[in-house]
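Open the model in your viewer and keep the selection tool ready.

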Amino acid sequence: MKHERKSTWRPNLFDLVIVALGAAVMAVIVLVMRPAAANISETVPMEYTVELQNMPEGAWELVNTGDMLYDNIRNQAMGTVVAVDHAPYTRPIANASATHVYQSPVPNAENVILTLRTNMTVTDSSLVSEGGYIVRVGGAVAGKGPCYAGTGFVIGITREGE
Amino acid sequence: MKKNFRLNWVDLLILVLMVGLVAGTYMKFRVSKTTNVVEPQTPITYQVQITNIRKTTVDALREGDALFDDDSGRKIGTIRSIEATPALTLAVDTEGVYHMTETDDRYDVILTVETKEGSISGNTYTVARIYTLNIGSFRDFHTKYSTWQGRIWGIER
């Protein structure tokens, strides 16, 4: 003889609490994971200049316009090279009587000056390159290109509208 | 009829979670709100000294630029004036005597910064609620266009 088992499950208070908690957790996850609201003000093409210091003499000839420069630490795209220049690498040194400090050129070394172009995200407090690199004059640079790398500083930014 | 409801450990866990949620919500929306009573709105003018920077960094500073504290990211004022002079650095002569010596291609800068979001309590000057102005302290600062280390140099009283 076959017995038919009758379901005895009925929702109780704690089942409802678990369902409510599950729904709340899902809602929080959806809120947290959704794409950030359009807090970013605008993206504009901008140019800025970096100086890689104390590079081997002649290194600037390895740089080509069109090269992409990356931040060597976080691997963020800093921008595309649109101009290359070079200048003597100098170190400060005082004269014998310590009445003046000169910038004295260091032999066999030079600074490589790169002008980079990138689409910059502009906020009230920062300029951020397409790759996420924060650009500020005086900020440290550890840059690498296709066959060169060096450290230095951001030395110039063309302000928006100038 | 005998009631056979018994509390088990899962039920207890859920109860604890619910109590935690309620307590957390209360702390977030009631308790923490009552601590933010004072809105700072006293104008304060102070000076920041930057030493031995290059012309490129001087050129990146403009009157009217907003100034930010690097650690907190908070706005701590607006640059009202920029005074740049040739940098003086410490150098020693052949007799072993120190001199403050003018240095080529480097500048010392005094920025005058104004804020309306200050508060003064006794001899303590605070900007943007958490940023205490301590004359002589070195801090990292930035504007939208430049970054550097500076030193709180003076407060106008």
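Strands are DSSP runs of E, at least two residues long, numbered from the N terminus. Two strands pair if DSSP finds at least two bridges between them. This is a predicted model, where local features need pLDDT of at least 70, side-chain atom pairs count only at pLDDT 80 or more, and totals for chains, interfaces and linings use all residues. Residues are numbered from 1 along each chain as its sequence is written, chains are lettered from A and ligands numbered from 1 in the order in which they are written, and side-chain values use heavy atoms, without hydrogens and water.

**Stop 1: a strand with two partners.** Select residues 42-56 of chain A, strand β1. β1 pairs with β4 (residues 100-122) of chain A, antiparallel, over 13 bridges. Find A:P45; opposite stands A:N119 in β4(A). A:E51 has A:F153 in β7(A) as its bridge partner.

**Stop 2: A:S129.** Select the loop between β5 (127-128) and β6 (140-144) of chain A; A:S129 lies there. Why does A:S129 count as buried? Its relative accessibility is 2%, and buried means under 20% relative accessible area (1.4 Å probe, protein chains only). The side chain of A:S129 reaches the backbone oxygen of A:A77 at 2.9 Å.

**Stop 3: B:D93.** Jump to the loop between β3 (75-92) and β4 (98-121) of chain B, where B:D93 sits. Its side chain reaches two backbone nitrogens: B:E95 at 2.8 Å and B:V97 at 2.9 Å. Show contacts (heavy atoms within 4.5 Å): leaving out residues up to four places away in sequence, B:D93 touches A:A96, A:S97, A:A98 and B:H99.

Terms used
Helices (H or I, at least four residues) and strands (E, at least two) are DSSP runs, numbered from the N terminus. A polar contact is a pair of N or O atoms within 3.5 Å; within protein, one must be able to donate a hydrogen and the other to accept it, and residues adjacent in sequence count only if both atoms are side-chain atoms. Buried means under 20% relative accessible area, exposed over 50%, partly exposed in between (1.4 Å probe, protein chains only).
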